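Subject: Structure for you to look at

Dear colleague,

I am passing on the structure we spoke about, and below it you will find what came out of going through it. Please have the sequence and the 3D view open while you read.

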Amino acid sequence: MLKPAVFDRICTKLREQVGSVCGLKLDMQTNGYHVTEEWLRLFEVHDVGVSFSIDGSAETHDKYRRTKAGKGSYERIKDNYVRTAKDFVARGWNPPSIISVLHANNNYTRTIEDLNEVLGVTHFNFLLPDC
């Protein structure tokens, strides 16, 4: 995981070196597990859009995305997503986007319903499985 101070330096350098030459929009993909208040501040300072990786309901997500200790990660990621979405909306930004991996055995209708009902997600990105 990239440390916040390193992320801050990278964003600052990009803005200084690239931002003076052309328009620059920064976005970040995260599993969302380590999003803290410090990260929220950096997203604001550097105007960084964020996308969280969430694969559906807790049951579906936790089948594939477990911590190093083997525990499910859904609840913590859900809480971090909700906090980040509130922060973004308070700034007048769109909430973070969601990307979900489409696993062959998942019920995709249920995945969309769960993300919409629990997190309020209305726009989805799906990552197709490897062939």
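Helices and strands are named here as DSSP runs, a helix having at least four residues and a strand at least two, and they are numbered from the N terminus. With that naming, Asp-47 is found in the loop between H2 and E2. Please keep in mind throughout that this is a predicted model.

To begin with the chain as a whole, its secondary structure comes to five helices and four strands, and from the N terminus on these elements run in the order α-β-α-β-α-α-β-α-β. The C-alpha atoms fill a box of roughly 45 × 35 × 30 Å when it is taken along the principal axes. The chain has 131 residues, of which 37% count as buried, and its accessible surface comes to about 8,000 Å², with 53% of that area belonging to carbon and sulfur atoms.

The axes of H2, residues 37-45, and H4, residues 74-90, come within 11 Å and cross at roughly 35 degrees, and the crossing is right-handed. On the H2 side the residues that meet the other helix are Glu-37, Leu-40 and Phe-43, while on the H4 side they are Arg-83, Thr-84, Asp-87 and Phe-88.

Glu-37 counts as exposed because its relative accessible area is 52%, whereas Arg-83, with a relative accessible area of 26%, is partly exposed.

The structure holds eight salt bridges, and a few others deserve a look. Arg-91 forms one with Asp-87, where the closest N and O atoms are 2.2 Å apart; Asp-87 counts as partly exposed, its relative accessibility being 24%. Through salt bridges that share partners, Glu-44, Asp-87 and Arg-91 are joined into one network. Elsewhere, Arg-110 forms a salt bridge with Glu-59, with the closest N and O atoms 3.7 Å apart. Arg-110 lies in helix H5, residues 108-119, and Glu-59 in helix H3, residues 58-64, so this pair ties together parts that are 51 residues apart in sequence. Of these two partners, Arg-110 is partly exposed at a relative accessible area of 37%, and Glu-59 is exposed at 52%.

Helix H3 also contains His-61, which counts as buried because its relative accessibility is 0%. Leaving aside residues up to four places away in sequence, His-61 touches Ser-53, Ile-54, Asp-55, Gly-56, Ser-73, Tyr-74 and Ile-77. The C-alpha atoms of His-61 and Gly-72 are separated by 7.9 Å, and the two residues are 11 apart along the chain.

Most residues other than glycine have a negative phi. Asp-47 counts as partly exposed, at 37% relative accessibility.

Strand E2 itself covers residues 48-53 and includes Gly-49. Is Gly-49 buried or exposed? At 13% relative accessibility it counts as buried, because the cut-off for buried is under 20%. Its contacts, not counting residues up to four places away in sequence, are with Lys-25, Leu-26, Asp-27 and Met-28. Gly-49 and Pro-96 are 47 residues apart in sequence, yet their C-alpha atoms are 6.9 Å apart in space.

Finally, there is a nonpolar patch on the surface, formed by Leu-2, Ile-10 and Leu-14, with about 220 Å² of accessible area together. Leu-2 sits in the segment before helix H1, which spans 4-17, and this residue is partly exposed, with a relative accessible area of 38%.

Conventions:
Residues numbered from 1 in each chain as written. Predicted model: local features only at pLDDT ≥ 70, side-chain atom pairs only at ≥ 80, totals over all residues. Heavy atoms only, no water. Patch = residues over 30% accessible without salt bridge, like charges linked within 9 Å, V, L, I, M, F, W, Y side chains within 5 Å. Areas by Shrake-Rupley, 256 points an atom, 1.4 Å probe, with all protein chains shown as cover. Salt bridge = Lys/Arg side-chain N within 4 Å of Asp/Glu carboxyl O. Buried < 20%, exposed > 50% of the residue type's maximum accessible area, 1.4 Å probe, protein only. Axes fitted to C-alpha atoms, helices over the stretch in contact; angles between N-to-C directions. Left-handed = near helix turned anticlockwise from the far one by under 90°. Contact = heavy atoms within 4.5 Å.
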